[in-house]
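Reader: I have a model open and want to learn how to read its features. Please take me through a few.

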Amino acid sequence: MNKKVVLAFSGGLDTSFCTIYLAKDMGLEVHSVIVNTGGFSDEELKQIEVRAYELGVASHATVDETQNYYNDSIKYLIFGNVLKNATYPLSVSAERVCQATAIANYVKKIGASYVAHGSTGAGNDQVRFDMIFNILIPDVEIITPIRDLKLSRESEIDYLHNHGVSYNAEKAKYSINKGIWGTSVGGKETLTSHETLPEEAWPTPVTTTESKRITLTFKNGEPVAIDGDHLGPVKVIQQLQAIAQPYGIGRDIHIGDTIIGIKGRVGFEAAAPVIIIKAHHTLEKHTLTKWQLSWKDQLASFYGNWMHEGQFHDPVMRDIEAFLQQSQETVSGDVQLELHPYRFNIIGITSAHDLMSNKFGSYGEMNNAWTGEDVKGFSKIFGNQVMIWHKVNQK
């Protein structure tokens with residue numbers, strides 16, 4: 001075995017510790033890699049690269065997976081209107097799957113014998129990364145220093161200081177994870193059941209207060225334009241985020257069940273994902289049939305949960321994606337929304353596939369497809385077996 005180790009690197013506290021530990025304490029040749037899923041600017045990526053070399057890595061690489069992340073995951077989360085526990089748009093869950101897959105491919109590319117990540121022993125990421133590495137690169141040894149040494153953030157900072165690396169303790173108070181599908185925020189408040197994050201913990205301050213109307217255009221379920229400007233799905237998400245995040249829209253704290261069976265809380269700001277999912281769902285309610293919506297809800301719930309638990313590579317996910325893709329054939333049109341500080345509302349939709357058509361009648365007023373006598377007969381037949389049950393059982 002060679003001494004090459006690929007380290008999933010973000011430049012934060014945990015991966016900074018891992019860089020020094022793997023090189024100094026374990027004597028390995030560290031090759032850091034960051035997988036950009038749309039949450040970093042070019043300047044931020046350059047700063048992370050500089051940080052990696054300052055910490056002594058043998059090489060550093062940036063892998064841009066933004067478009068693949070959308071194509072492979074986000075698109076289907078939109079099609080399924082996936083909000084974990086009716087709240088969380090899987091901002092980190094799906095992203096970790098994408099990152100772990102890209103890192104496994106990078107390990108193969110450079111022929112490393114080891115792969116390392118900075119997950120702790122308490123959360124979901126350790127399972128997602130380990131499992132995907134075991135699936136895709138089963139012969140590569142996994143190293144997890146933070147988990148194995150059971151380190152606190154304070155002890156990590158002390159270790160770095162002892163090795164001549166300064167780290168701002170104030171900066172380490174909150175763990176921030178940025179991606180195209182939302183930003184997660186973890187801190188001491190999210191380790192409790194009763195505290196909320198303070199204003200200064202949120203990465204994007206609220207600076208916009210004037211209401212704004214926008215129109216989102218969907219084509220076959222994908223968001224393709226804002227206010228008539230056809231940008232393509234990835235740029236729509238990014239531009240909508242830039243417009244809506246300064247309103248404080250999409251901020252929340254998710255409480256959920258971790259893969260390892262404990263409850264966990266995480267803050268997140270995800271204006272674009274929440275708006276897109278709600279707008280898309282509204283359009284679907286106008287353009288899909290009752291049973292399309294019903295089966296979509298059931299399959300999408302499973303899909304979101306299985307994605308959350310890192311099981312992206314299970315072939316059943318491809319089967320569900322095929323169903324979701326087919327269901328979007330008529331989900332095209334415009335959705336009008338209004339943005340306000342901390343909230344938004346959907347005004348309505350326009351679509352050539354709108355099933356709420358006055359050609360067939362007006363709800364609550366008249367119907368053009370059948371008579372009142374037809375309904376009388378239908379109502380008797382529709383409830384016939386239940387009527388028999390009640391008579392037989394004297395209920």
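Author: Start with contact: it means heavy atoms within 4.5 Å. By that rule, and not counting residues up to four places away in sequence, Y247 touches V206, T208, T209, E210, S211, K212, L339, H340, P341 and Y342. This is a predicted model: local features need pLDDT of at least 70, side-chain atom pairs count only at pLDDT 80 or more, and totals for chains, interfaces and linings use all residues. Residues are numbered from 1 along each chain as its sequence is written, and side-chain values use heavy atoms, with hydrogens and water left out.

Reader: Is Y247 buried or exposed?

Author: Buried means under 20% relative accessible area, exposed over 50%, partly exposed in between (1.4 Å probe, protein chains only). Y247 has a relative accessible area of 2%, so Y247 is buried.

Reader: What does S184 touch?

Author: Among its contacts are V92, S175 and F268, not counting residues up to four places away in sequence. S184 counts as buried because its relative accessibility is 8%.

Reader: How do I read a helix pair?

Author: Two packed helices are described by the angle between their axes and the distance between the axes. Helices are DSSP runs (H or I, at least four residues), numbered from the N terminus. Axes are lines fitted to C-alpha atoms, for helices over the stretch in contact; angles run from 0 to 180 degrees between N-to-C directions. Here the axes of α10 (residues 290-308) and α11 come within 10 Å and cross at roughly 145°. The contact includes W295 and L299 of α10 and I320 and F323 of α11.

Reader: Why is F323 called partly exposed?

Author: Because its relative accessible area is 32%. F323 sits in helix α11 (residues 315-327).

Key: Helix = DSSP H or I, 4+ residues; strand = E, 2+ residues; numbered from the N terminus.
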